[in-house]
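This briefing covers the pockets, the cavity and one set of paired strands in the structure shown below. Please read it with the model open.

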Amino acid sequence: MMCRLAAYIGAKISLSVFLKEHEHNLIQQSWAPKEMQNGILNADGYGIAWLSEKNIPSSYKNILPIWSDTNLNSLARSLSSQLWLANIRGATLGQGISESNTQPFIKDSFIFTHNGSLEPFNDLTKANFLDILPSTIITGITGNSDSLYLFALLRHHLERQDSISNAIISMMDDLKSICRHSISALVNIIISDGNSLYACRHALNGECPSLYYLFNQDNVWIASEPLSPNDTWVSFPENSFIRFNRAGVIEEHHL
């Protein structure tokens, strides 16, 4: 299945502005997505992540559909941040609906979210990951989703590389090896270290999922689908990743 995701970096805004106040906002995309390759609903939970006042990554997750969460209106009024990431989940068959599998994921200063799938995600696929990952990373995989294994692979390379950009490039090189047996990998990911957003649109043995960005004077928005149809959203090049800060694009790579 295909999730929907969104991210923001810039001047401080409320969760309400980020999540609810666009014509085609992420809540609407949970039940009326326009560009999903598979499925028509994202009803298997959702999560949001942000920076606290002390610049500590924080998150809220719920395994219920986003439209049924009675806590959301209160949170939307109360929370503000300069950084937001969110994911509404459409779970792939066999990947359980649980808090452990619900994104975004946080480790230390890093926030990670994934839109896409690895198919098939079976014992062979997992074994390909485990052949690469050290035990210290494997023990941190607390659920059974393909997204968790992708985050584990990224964390492995973050420990080995001198920059997040190089870690992403090395991660994607390893993914080519993991997918050598005709495994399809649809890999839209967004990573933040609190200072930048790194967004990737990529696929192996498949078609890249949609991903867009919008740059305003002091902020950047990223989303699986344009949130506001009257604005000038830019489609990411296929098989690329771009690094943003609130001033716009500061780094771009082809994968």
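Through how many residues does a hairpin join β13 to β14? The hairpin between β13 and β14 runs through two residues. This is a predicted model, in which local features need pLDDT of at least 70, side-chain atom pairs count only at pLDDT 80 or more, and totals for chains, interfaces and linings use all residues. Residues are numbered from 1 along each chain as its sequence is written, and side-chain values use heavy atoms, with hydrogens and water left out.

**Strands**

- Helices (H or I, at least four residues) and strands (E, at least two) are DSSP runs, numbered from the N terminus, and two strands pair if DSSP finds at least two bridges between them.
- Strand β8 (residues 197–201) runs antiparallel to strand β13 (residues 240–245), joined by five bridges; Leu-197 stands opposite Phe-244 in β13.
- β13 is also joined to strand β14 (residues 248–254), by six bridges and again antiparallel; here Ile-242 stands opposite Glu-252 in β14.

**Largest pocket**

- On a 1 Å grid over the protein atoms alone, a pocket is an open set of points with protein on both sides within 12 Å along at least five of seven lines, a cavity is a set where a 1.4 Å probe fits but cannot get out, and lining residues have an atom within 4 Å of a point.
- Grid points are joined across faces, edges and corners, and a volume is the space filled by probe spheres set on the points.
- The largest pocket holds about 260 Å³ of space. Its lining has 16 residues, of which Leu-51, Asn-55, Ser-81, Gln-82 and Leu-83 are the closest to its centre.
- Two or more lining residues come from each of β1 (4–14), β2 (46–51) and β4 (80–88), and β4 gives the most, with four.
- Five lining residues are nonpolar, eight polar and three charged; Ala, Val, Leu, Ile, Met, Phe, Trp, Tyr, Cys and Pro count as nonpolar, Asp, Glu, Lys and Arg as charged, and the others, Gly among them, as polar.

**Second largest pocket**

- About 170 Å³ of space lies in the second largest pocket. Its lining includes Lys-61, Glu-99, Phe-105, Gly-140 and Arg-155.
- β5 (105–107) and α6 (146–158) are the elements that give two or more residues to this lining.
- By class, the lining has five nonpolar, three polar and four charged residues.

**Cavity**

- One cavity of 30 Å³ or more is found in the whole structure.
- The largest cavity has about 80 Å³ of space, and of its 14 lining residues Cys-3, Arg-89, Gln-95, Asp-146 and Ser-147 are the closest to its centre.
- β6 (110–119) and α6 each give two or more residues to the cavity lining, which divides into three nonpolar, nine polar and two charged residues.
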